[in-house]
Amino acid sequence: MRKNLVISLLLSVLLLLAACGEDKASSSSPKEIIIGNIGAMSGTSAVNGKAQSQGIEMAVKEINANGGILGAQVKVVTRDDEADPTKSKTFMEEIVDKEKARFVIGPTNSTPAAASMAYLQENKVISMIPVATGTDLISKNNPYAFRIMPSNEIQAKALVKIAVEGNYQKIALVADTSALGVDGIAVMEKTLKEYGVEPAVKVTYKSDDPDMTPIAQKIKEANADVALFWTLGADGAKIVRSLERIDYIDNLQVIGYTGLAMPNFKELAGPGANNVSVVSMNNWAVEPNQTELGPKYWAMYQKIMEEYGEYGKRDTNPTTVTSGYEAVYLLKWAIEKAGTTDTVEVKKVLENDVAEFESVFVNEYAFSEESHEGFPLSELIMVKISEMFNGDLYIKN
């Protein structure tokens with residue numbers, strides 16, 4: 001009896017060791033690498049989901065044509081969550097549980113991204129976030145999440161920095177009452193306090209309100225010389241129109257976060273658009289009197305136009321397409337550097353060696369063990385929203 005028990009235990013140990021050996025071998029020499037792609041491909045946020053998908057599609061096509069990752073072909077599993085957090089969470093679980101994805105790109109919207117974040121962390125799935133900007137998505141509680149785009153916090157800090165260093169005396173803070181607006185205005189106010197500055201006025205409103213005159217009136221009554229807009233494009237344009245109607249837009253500089261920018265903003269805002277600027281990415285803005293971006297960024301822009309057409313034929317933003325593209329290449333680089341698809345090891349590479357990665361999006365990512373925010377604050381600048389190159393690239397002030 002005892003002899004049989006010993007033999008049984010030995011067999012169990014051998015089987016366990018064999019299983020561990022198979023897991024290690026499969027993670028270092030995978031037959032196929034599954035990457036999940038989740039975002040709003042339809043609905044009001046569709047342009048972002050479409051742009052993310054275009055970037056992923058371009059990258060995967062190139063990578064598979066050149067031997068894949070660790071010799072394995074890449075398969076993308078795409079789901080349209082329509083910016084619905086419930087659908088997003090269901091799709092995320094399906095991609096991880098049924099499709100066996102260990103890497104996910106997206107979701108494109110902050111609330112859907114938050115809905116499945118805990119699940120991804122529990123399963124040690126690396127989440128690359130190329131679009132969603134909600135501040136709390138990246139934190140110590142989400143150790144497997146990495147962000148490429150500048151977060152709400154980084155953009156809010158950039159807006160305040162530009163206003164304070166521009167010697168504006170009376171700063172108005174403007175945001176809607178959504179979770180996104182509350183997040184943005186809170187960080188702007190906190191950053192102002194760090195500079196020792198109090199806002200002249202804080203103004204909030206309900207998104208899609210048809211009459212923005214009360215908002216414009218409050219800005220005028222505060223005698224603001226700059227208004228920091230944490231508003232989406234359509235709302236921001238209505239506020240600018242209202243400021244023009246009460247004869248105050250010419251007394252004011254408006255500076256908005258990236259959500260303010262939209263292809264038809266100038267048309268919606270009217271002449272007042274000339275007084276509106278937004279924060280933008282330094283490498284993706286054209287120098288005055290120049291006809292190209294820097295070499296590698298220009299090459300990427302040309303690649304997007306070749307694949308999806310010039311602006312007008314394409315409604316997607318080139319920087320958002322590039323962030324989706326970059327998300328795939330960051331994963332490829334980190335997996336190959338780690339020599340395995342083991343997400344614990346891939347995570348270590350992203351945290352410690354990212355300075356080696358050759359980016360076509362930023363000069364150098366800021367990932368570290370302490371922070372998984374990749375976009376450096378120093379690379380955000382102010383550009384005029386009314387001055388565009390080729391219809392979809394900003395010109396630097």
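This is a predicted model: local features need pLDDT of at least 70, side-chain atom pairs count only at pLDDT 80 or more; totals for chains, interfaces and linings use all residues.
Student: How many helices and strands does the chain have?
Tutor: There are 13 helices and 13 strands. Both are DSSP runs numbered from the N terminus: helices are H or I with at least four residues, strands are E with at least two.

Student: What's the strand order in the sheet of 5?
Tutor: That open sheet runs 2-1-3-4-5, with parallel pairing. Two strands pair if DSSP finds at least two bridges between them.

Student: And which strands are at its edges?
Tutor: Strand 2 (73-80) and strand 5 (145-147), each pairing on one side only.

Student: How many bridges hold strand 1 and strand 3 together?
Tutor: Strand 1 (residues 32-39) and strand 3 (residues 103-105) pair over 3 bridges, in the parallel sense. In that pairing, G36 stands opposite V104.

Student: Which strands does helix 2 touch?
Tutor: Helix 2 (residues 46-65) packs on the sheet against strand 1, strand 2 and strand 3, and its direction makes about 165 degrees with that of strand 2. Contact means heavy atoms within 4.5 Å. Angles run from 0 to 180 degrees between N-to-C directions, using lines fitted to C-alpha atoms, for helices over the stretch in contact.

Student: What about helix 13?
Tutor: Helix 13 (residues 343-352) touches strand 3, strand 4 (126-129) and strand 5, at about 40 degrees to strand 4.

Student: New topic: what's the order in the sheet of 8 strands?
Tutor: It's 7-6-8-9-10-12-13-11, an open sheet with mixed pairing. Strand 7 (201-205) and strand 11 (285-286) each have a single partner strand, so one side of each is left without a neighbour in the sheet.

Student: How do strand 6 and strand 8 run?
Tutor: Strand 6 (residues 171-176) and strand 8 (residues 226-230) run parallel, joined by 5 bridges. I171 has V226 as its bridge partner in strand 8.

Student: Which strands does helix 9 lie across?
Tutor: Helix 9 (residues 233-245) lies across strand 6, strand 7, strand 8 and strand 10 (276-281), at about 155 degrees to strand 8.

Student: Last one: how far does the C-alpha trace span?
Tutor: About 95 × 45 × 35 Å along its principal axes.

Conventions. Residues are numbered from 1 along each chain as its sequence is written. Side-chain values use heavy atoms; hydrogens and water are left out.
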